[in-house]
Amino acid sequence: MTRTTAEIVGHCQSLFEDLNFTAARAWKDAVPGRKVIGYMPIYVPRELIHAAGALPLGILGGGDQLEVIHGDAYYQSYICRIPRSTIELGVTGRLDFVDGMLFPSICDVIRNLSGMWKLMFPGVYAKYFDVPQNYRDDIGGSYYVGELKDLRDDLGELTGRPITDDALRASIAAYNDNRRLVRDLYALRIERPWQVPAPEVYLVLRAGMVLPVDEHSRLIRDYMESVEGEDRPMRDNCRIVVTGMFCEQPPLNLIKSLELAGCYVVDDDWLLVTRWLLDDVPIEGDPLENLAAAFLHHSENTAAKYEPNSAEKGKYLVEMVRRASAEGVIFAAPSFCDPALLERPMLQHVLTEAGVPYIAFKYAENSGQMQPIREQAGTFADSIKLWSEA
Amino acid sequence: MTQPPKASAKQKDVSKDSSMLKQKEMIAGHYRRLSTAGEDGRKVAATFVPGNLNELIMCFDLLNNLPEVNAIQSGLRKESGRYVMEAEKLGHSEDVCTYVKNDLGMIARGNVGPYGLQLPDPDVLLLSYTGCFTFMKWFELLREQYDCETIMMHTPYTGDGKITQNMRDYMVKQLKEEVIPKLERVSGVKFDIDRLREYLKESARAEDDLVWVLQSAKNKPSPIDAYFGGIYYIGPIFGAFRGTKEATEYYGALRAEVQDRLDAHQGPVTPDGEMDGEKYRLVVEGPPNYTSFRDFWKMFYEEGAVVVASSYTKVGGVYDFGFRHDPDNPLETLADYCLGVYTNRSLPQRVEMLASYVNDYQADGLLVNSIKSCNSFSAGQLLIMREVEKRTGKPAAFIESDLVDPRYFSPANIKNRLESYFQMIEQKRAGKHVEAGHVEAGAAA
């Protein structure tokens with residue numbers, strides 16, 4: 001039976017609000033011996049976890065519903081919020097069913113959190129998953145293949161199911177399908193942002209953090225099909241790109257506030273793991289080599305990556321603006337986020353040169369007061385509408 | 001109650017031993033060379049302290065300019081505050097690293113270095129990306145300023161507490177295929193591996209003497225302060241001098257000087273003169289505050305507290321667990337050096353190091369100076385503190401400041417916390433005595 005948009009979004013919302021990860025627990029309990037591997041933003045090769053028969057589970061902090069009590073005892077006031085709420089999830093037993101945790105290469109805080117996890121949860125497999133910042137196949141590529149091999153061996157041992165090349169190829173195919181659907185969803189939003197509001201897109205993507213990949217792919221298909229039948233009015237909103245939200249997640253209200261303030265979000269950097277690889281990863285040939293080549297040459301740009309070519313620095317954001325026919329950019333970074341905040345001036349220079357207007361503000365995953373953000377975004381939207389050449 | 005030991009304030013000016021004066025002259029000389037690099041036809045490589053490739057840089061006749069050291073020197077001279085504010089005016093966030101903002105603010109104001117001399121534009125940015133994510137963004141920001149060649153030398157983080165062959169191979173390949181060819185191109189000097197071997201031999205000699213000096217703090221009283229004084233000791237080897245004969249001579253002379261102090265049962269030299277008596281022996285984790293460096297140090301020596309070991313003096317290389325630059329494996333040793341610096345080590349490794357320092361140096365406990373703008377050091381320090389306490393049974397304490405932003409140094413707050421910590425150590429000692437008394441009484445009965 002076809003589900004309505006409201007039902008799909010409601011389901012996604014309940015997954016989003018469930019800090020006990022009931023769906024993932026149910027998946028694990030359904031078959032004895034199943035394993036769950038958690039990962040933090042922004043990118044880990046989920047194909048490997050899937051090929052080992054485990055569930056990749058996105059751990060994205062505690063959001064604005066979790067009261068952080070224990071976690072605050074581990075971090076000073078000037079450190080961002082995601083590690084403290086993640087620790088809170090850990091010490092309160094909400095992650096007690098998670099068999100392993102991967103900490104991607106994103107910043108010094110997440111890097112150190114990998115060691116904290118080893119000390120605090122010694123029975124749980126914990127790994128800092130490093131990725132190359134050198135993009136030559138014979139240098140960074142070889143290194144990355146070596147790291148992927150290590151991870152493949154570790155996961156095979158953890159699940160008791162060594163990862164074969166064929167299993168990995170099948171997983172790559174499943175994730176190719178998922179990424180294609182995410183791209184389609186984003187393309188649809190560019191085309192008709194009033195039809196696929198940003199809060200819904202976010203919730204649909206977010207569901208992919210806790211659902212098996214095939215189930216998530218079905219969900220995206222269902223959602224896109226259901227919204228076609230919705231009669232949603234087009235508002236006089238401006239079109240904006242939001243950037244800087246790739247790690248600590250914004251409160252859902254913040255995303256809603258942007259649209260309420262008159263901004264259609266037509267592109268963003270939320271949940272980058274869902275579209276880190278920009279094209280299909282080839283199925284033929286050595287799957288690890290294919291994953292490595294895709295990472296090196298066809299992956300998303302973000303502040304956590306080094307840009308070797310100075311002429312290319314930040315150009316991806318201008319491209320994003322052009323591709324989405326956006327009229328401006330909102331820089332929204334979590335407080336104390338080194339990568340986003342250090343990157344911001346460079347990106348702003350590129351936008352200035354390209355004549356793209358922008359504004360900037362900071363948030364935390366538990367920011368409650370949206371009025372200033374709404375006012376700022378509203379003024380920005382008004383200024384675009386009043387003063388832009390179009 | 002015993003009287004707190006005091007530094008004998010014999011001199012009005014800051015008291016310095018001869019090694020400090022020599023070190024100061026070396027650093028000043030380096031800044032002079034940098035300021036005249038253009039006239040002298042010298043090319044300049046800007047690079048970082050942790051995992052710096054000084055021996056390699058010297059193979060190409062390049063001068064080494066270290067933005068972090070410039071920031072430290074600006075902090076010591078009370079100039080960093082205005083640079084930080086300048087960078088914030090230019091749009092840099094109040095939340096990010098103040099070394100970065102010092103550097104960018106200084107450039108914006110004409111790039112006059114801490115000795116009042118013009119700093120040269122770099123010919124190459126050698127991004128030795130070790131232990132700190134911020135470095136990567138910092139050099140992208142500098143590349144935007146200078147529009148010069150930037151070489152990325154990516155050092156994987158040793159998250160599992162070990163250096164793997166895959167990591168080492170990656171580093172060596174980067175050196176062979178990227179770093180060396182690009183340095184050849186920028187400098188016009190052909191790489192000579194035997195020249196590198198010679199520099200590495202010199203490095204190992206100096207490293208031997210540095211380790212001896214730092215480990216002299218195992219003695220009671222400690223003849224050195226391994227944090228505040230230690231910062232002077234690491235200047236040459238972590239900066240532009242590792243691999244030079246000048247550095248070897250400096251560390252040889254420093255060792256002799258410390259040997260003399262040991263023989264005379266003397267404590268460390270402080271800015272107010274020699275410290276008589278030693279009351280507390282501490283291990284310190286985290287960088288110091290540079291904008292109030294002398295006041296900060298004073299809070300320790302006025303209470304008779306000596307730092308016998310610190311993690312900060314390992315950011316430019318951890319040598320005290322056996323690593324030495326190895327001339328027989330020149331590129332592999334550079335890789336291992338970068339991979340092994342303190343901030344590239346996993347948190348469990350850092351805990352292990354600090355706990356071993358507390359035990360091996362017979363310290364009274366661990367003090368953490370948490371730096372607002374340095375997540376590489378600071379994220380996780382509260383857990384480090386608890387773990388070290390648990391493993392050593394010694395009390396730990398926590399203070400907060402910043403590297404070079406004077407707005408984040410609160411003297412009264414820090415002094416209060418330190419005083420409380422010293423009282424805690426006293427109580428712990430008293431508790432032990434009481435406990436020991438009970439045991440004796442029990443045994444007598």
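Me: Which residues of H1(A) meet H8(A) in this predicted model, and how many of the residues in the contact are nonpolar?
Reply: In this predicted model, the H1(A) side of the contact consists of Thr5(A), Val9(A), Cys12(A), Gln13(A), Leu15(A) and Phe16(A). Facing them from H8(A) are Glu200(A), Tyr202(A), Leu203(A), Val204(A), Arg206(A) and Ala207(A). Sorted by class, the contact of H1(A) with H8(A) holds two charged residues, two polar ones and, as the number asked for, eight nonpolar.

Me: How are H4(B) and H6(B) placed relative to each other?
Reply: The axes of helix H4 (residues 67–76) and helix H6 (residues 98–108) of chain B come within 9 Å and cross at roughly 85°. Since the range from 65 to 115 degrees counts as roughly perpendicular, H4(B) and H6(B) are to each other roughly perpendicular.

Me: Which residues of H6(B) make the contact with H4(B)?
Reply: From H4(B), the contact is made by Pro67(B), Glu68(B), Asn70(B), Ala71(B), Ile72(B) and Ser74(B). By class, the contact of H4(B) with H6(B) has five nonpolar, three polar and two charged residues. The residues that H6(B) brings to the contact are Tyr99(B), Asn102(B), Asp103(B) and Met106(B).

Me: Which strands stand at the edges of the four-stranded open sheet of chain A?
Reply: The strands of this open sheet in chain A follow the order S2-S1-S3-S4, and their pairing is parallel. A strand at the edge has a single partner strand, so one of its sides is left without a neighbour in the sheet, and this applies to strand S2 (55–58) and strand S4 (125–129) of chain A.

Me: Which residue of S2(A) stands opposite Tyr39(A)?
Reply: Strand S1 (residues 36–39) of chain A pairs with S2(A) in the parallel sense over four bridges. Along this pairing, Ile37(A) has Pro56(A) of S2(A) opposite, while Tyr39(A) stands opposite Gly58(A).

Me: Are the residues of S1(A) that point to either side buried or exposed?
Reply: In a regular strand the side chains alternate between the two faces of the sheet. In S1(A), Val36(A) and Gly38(A) point one way, whereas Ile37(A) and Tyr39(A) point the other way. Whichever way they point, all of these residues are buried.

Me: How many residues of helix H13 of chain B are buried?
Reply: Helix H13 (residues 330–340) of chain B is mostly covered, and its buried residues pack against helix H3 (54–59), strand S3 (124–129), helix H8 (165–187) and helix H9 (193–215) of chain B. Among the buried residues are Leu331(B), Asp336(B) and Tyr337(B). Out of the 11 residues of H13(B), the number buried is 10.

Me: Is Pro372(A) buried, partly exposed or exposed?
Reply: Pro372(A) has its place in helix H14 (residues 371–387) of chain A. Because buried means under 20% relative accessible area and exposed means over 50%, the value of 44% for Pro372(A) counts as partly exposed.

Methods
Residues numbered from 1 in each chain as written. Chains lettered and ligands numbered in written order. Predicted model: local features only at pLDDT ≥ 70, side-chain atom pairs only at ≥ 80, totals over all residues. Heavy atoms only, no water. Contact = heavy atoms within 4.5 Å. Helix = DSSP H or I, 4+ residues; strand = E, 2+ residues; numbered from the N terminus. Nonpolar A, V, L, I, M, F, W, Y, C, P; charged D, E, K, R; others polar. Buried < 20%, exposed > 50% of the residue type's maximum accessible area, 1.4 Å probe, protein only. Pairing = 2+ DSSP bridges. Axes fitted to C-alpha atoms, helices over the stretch in contact; angles between N-to-C directions. Parallel < 35°, antiparallel > 145°, perpendicular 65-115°, else oblique.
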